[in-house]
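User: Hi! I'd like to go through this structure with you, if you have a minute. Here it is.
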Amino acid sequence: MSEVQAIKDAETVQLIGHLLSIRYHRQMADVWYIGLNLALRISDLLAIRFDDIHGDRLRIKERKTGKIADIQLNPKTLARIEKIRADHPDHVYLFQSHRCQQIKQLPPKPLSRRAVTLAFQQVGQELNLSLGTHSRARSRTFFNQKRIGLTITSGCDHIGRF
């Protein structure tokens, strides 16, 4: 597995979202932007159901840890979610796969992790970046640290690490 990069400037974050939207579909751009805001593992992000969203809160059980995540949704994320819900009122999943129209009789499924990985990798290649599904988490961490003025070492000094 190759190492992925954190995206360290807001313009590149926007460019990635734009390219995902025009090369694949707005749905992939929504995965990128909502994923940046929620800081969930890709498997948890793709498994979000509309039933998991209550007002401005998202409540899910994380697959890897089994912990309950209760996340307050910011206004930008809420607006994206409401747009998806308005465009696809019959969907069960926030990121429901709707590419294959001939299998409508089968139960709904979310986008596959593989499809998202391929889309991110191809946009990354176009921008000469090592972009993957974990890039969202790394980028969010970078921007949060920048916003509050922490480095990884300064943020951990008080607990005796690094």
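User: Which residues in α2 meet which ones in α5?
Analyst: Good place to start! Met28, Val31 and Trp32 in α2 meet Ala115, Val116, Ala119 and Phe120 in α5. Keep in mind that this is a predicted model.
User: And what classes of residue make up that contact?
Analyst: The contact of α2 with α5 has seven nonpolar residues, with no polar and no charged ones.
User: How do α2 and α5 lie relative to each other, parallel or perpendicular?
Analyst: Their axes come within 11 Å and cross at roughly 90°. Angles of 65 to 115 degrees count as roughly perpendicular, so α2 and α5 are roughly perpendicular to each other.
User: Switching topic: how many aromatic pairs are there?
Analyst: The count comes to one aromatic pair. Trp32 and Phe120 form it, edge-to-face, at 5.5 Å centre to centre with 85° between the planes.
User: Where in the chain do those two sit?
Analyst: In distant parts: Trp32 is in helix α2 (residues 26-38) and Phe120 is in helix α5 (residues 113-126), 88 residues apart.
User: Are Trp32 and Phe120 buried or exposed?
Analyst: Both Trp32 and Phe120 are buried.
User: What about the largest nonpolar core, which residues touch the most other members?
Analyst: That core has 36 residues, and those touching the most other members include Trp32 and Leu20. The largest share of the core, eight residues, comes from α2.
User: What is Leu20 in contact with?
Analyst: Leaving aside neighbours within four places in sequence, Leu20 is in contact with His25, Met28, Ala29, Trp32, Ala119, Phe120 and Val123.

Methods: Residues are numbered from 1 along each chain as its sequence is written. This is a predicted model: local features need pLDDT of at least 70, side-chain atom pairs count only at pLDDT 80 or more; totals for chains, interfaces and linings use all residues. Side-chain values use heavy atoms; hydrogens and water are left out. Rings of Phe, Tyr and Trp (its six-membered ring) pair if their centres lie within 6.5 Å; planes under 30 degrees apart count as stacked, over 60 as edge-to-face and the rest as tilted. Helices (H or I, at least four residues) and strands (E, at least two) are DSSP runs, numbered from the N terminus. Buried means under 20% relative accessible area, exposed over 50%, partly exposed in between (1.4 Å probe, protein chains only). A nonpolar core is a set of buried Ala, Val, Leu, Ile, Met, Phe, Trp, Tyr and Cys residues joined through side-chain atoms within 4.5 Å. Contact means heavy atoms within 4.5 Å. Axes are lines fitted to C-alpha atoms, for helices over the stretch in contact, and angles run from 0 to 180 degrees between N-to-C directions. Angles under 35 degrees count as roughly parallel, over 145 as roughly antiparallel, 65 to 115 as roughly perpendicular and the rest as oblique. Ala, Val, Leu, Ile, Met, Phe, Trp, Tyr, Cys and Pro count as nonpolar, Asp, Glu, Lys and Arg as charged, and the others, Gly among them, as polar.
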